[in-house]
Amino acid sequence: MKLASSAAAARLGYCAVIPFVAAAALAWLVDGNTHALALRVLVAYAAVVAAFIGAIHWGLGFAQAEPRASLFLWGVVPSIVAWGSLLVEPGAGLTVDAVLLVACYLVDRAVYPQYRAERWLPLRRRLTTLAAASCALGAWAN
């Protein structure tokens with residue numbers, strides 16, 4: 001079955017949220033080593049996703065004949081901040097990741113229309129809400 005690119009992106013995006021929700025739920029349902037593992041999985045996955053979201057700005061820049069340097073600068077901020085979230089205890093790291101994911105969405109809400117990518121914002125909002133809420137729930141479960 002061939003999917004339109006928007007439908008494929010939405011399905012893949014929702015699939016990409018599954019690890020957020022699953023790890024956050026696991027953090028609430030188990031204890032001991034499995035609880036600690038669930039939190040580490042959640043903070044690591046959030047860091048990877050934040051880096052991916054930042055990289056989109058590099059893609060936007062690469063598509064321009066004369067890109068703004070700010071695209072590339074912002075593009076590395078999520079990965080650096082997310083890397084920092086891996087260096088602290090999971091509750092703090094997940095709090096950082098939740099705030100970072102929301103901040104990324106807010107930046108994208110301002111930037112995407114400049115590059116005619118605003119049609120992706122409703123999907124980004126939904127995915128960000130689920131991912132950031134999962135991180136917050138994981139931090140709360142710590």
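Ground rules before the structure. Numbering starts from 1 along each chain as its sequence is written, and side-chain values use heavy atoms, with hydrogens and water left out. Because the model is predicted, local features need pLDDT of at least 70 and side-chain atom pairs count only at pLDDT 80 or more, while totals for chains, interfaces and linings use all residues.

Helices first. A helix here is a DSSP run of H or I, at least four residues, numbered from the N terminus. Take helix 4, residues 90-111, and helix 5, residues 121-141. They pack at an angle of about 165 degrees, and their axes are 8 Å apart. That makes helix 4 roughly antiparallel to helix 5. The cut-off for that word is an angle over 145 degrees. The axes are lines fitted to C-alpha atoms over the stretch in contact, and angles run from 0 to 180 degrees between N-to-C directions. The crossing of helix 4 and helix 5 is left-handed. Left-handed means that the near helix is turned anticlockwise from the far one by less than a right angle.

Now helix 2 against helix 5. Their axes come within 10 Å and cross at roughly 150 degrees. Helix 2 and helix 5 are therefore roughly antiparallel. Helix 2 also passes helix 5 in a left-handed crossing.

Next, charges. How many salt bridges are there by this rule? One. The rule asks for a side-chain nitrogen of Lys or Arg within 4 Å of a carboxyl oxygen of Asp or Glu. In general, side chains of opposite charge can pair when their charged atoms come close. Here the partners are Asp108 and Arg124, at 2.5 Å, N to O.

Buried means under 20% relative accessible area, exposed means over 50%, and partly exposed is in between, with a 1.4 Å probe and protein chains only. For Asp108 the relative accessible area is 0%. One more distance for Asp108: Leu127 is 19 residues away in sequence, and the C-alpha atoms are 13 Å apart.

Stay on helix 5 for Arg125. At 41% relative accessibility, Arg125 is partly exposed. Arg125 and Ile53 are 72 residues apart in sequence, yet 13 Å apart in space, C-alpha to C-alpha.

Now the loop between helix 4 and helix 5. Arg116 sits there. Its phi is near 55 degrees, a positive value in a residue other than glycine. Most residues other than glycine have a negative phi. Arg116 is exposed, at 74% relative accessible area.

On to the surface. Which residues form the nonpolar patch? They are Trp58, Phe62, Leu73, Val76, Ile80, Trp83, Leu86, Leu87 and Val88. Together they have about 930 Å² of accessible area. Helix 2 (32-62) and helix 3 (69-85) each give two or more residues to the patch. The largest share, four residues, comes from helix 3. Patch residues need over 30% relative accessible area and no salt bridge, and nonpolar side chains (Val, Leu, Ile, Met, Phe, Trp, Tyr) are joined within 5 Å. Accessible areas come from the Shrake-Rupley method with a 1.4 Å probe, and for residues only the protein chains shown count as cover.

Leu73 is in helix 3, and it is exposed at 58% relative accessible area. Leu71 is in helix 3 too, but Leu71 is buried, at 4%.

Last stop, helix 1, residues 5-29, where Ala25 is found. Ala25 is partly exposed, with 34% relative accessible area. Ala25 and Leu100 are 75 residues apart in sequence and 21 Å apart in space, C-alpha to C-alpha.

Notes
Patch = residues over 30% accessible without salt bridge, like charges linked within 9 Å, V, L, I, M, F, W, Y side chains within 5 Å. Parallel < 35°, antiparallel > 145°, perpendicular 65-115°, else oblique.
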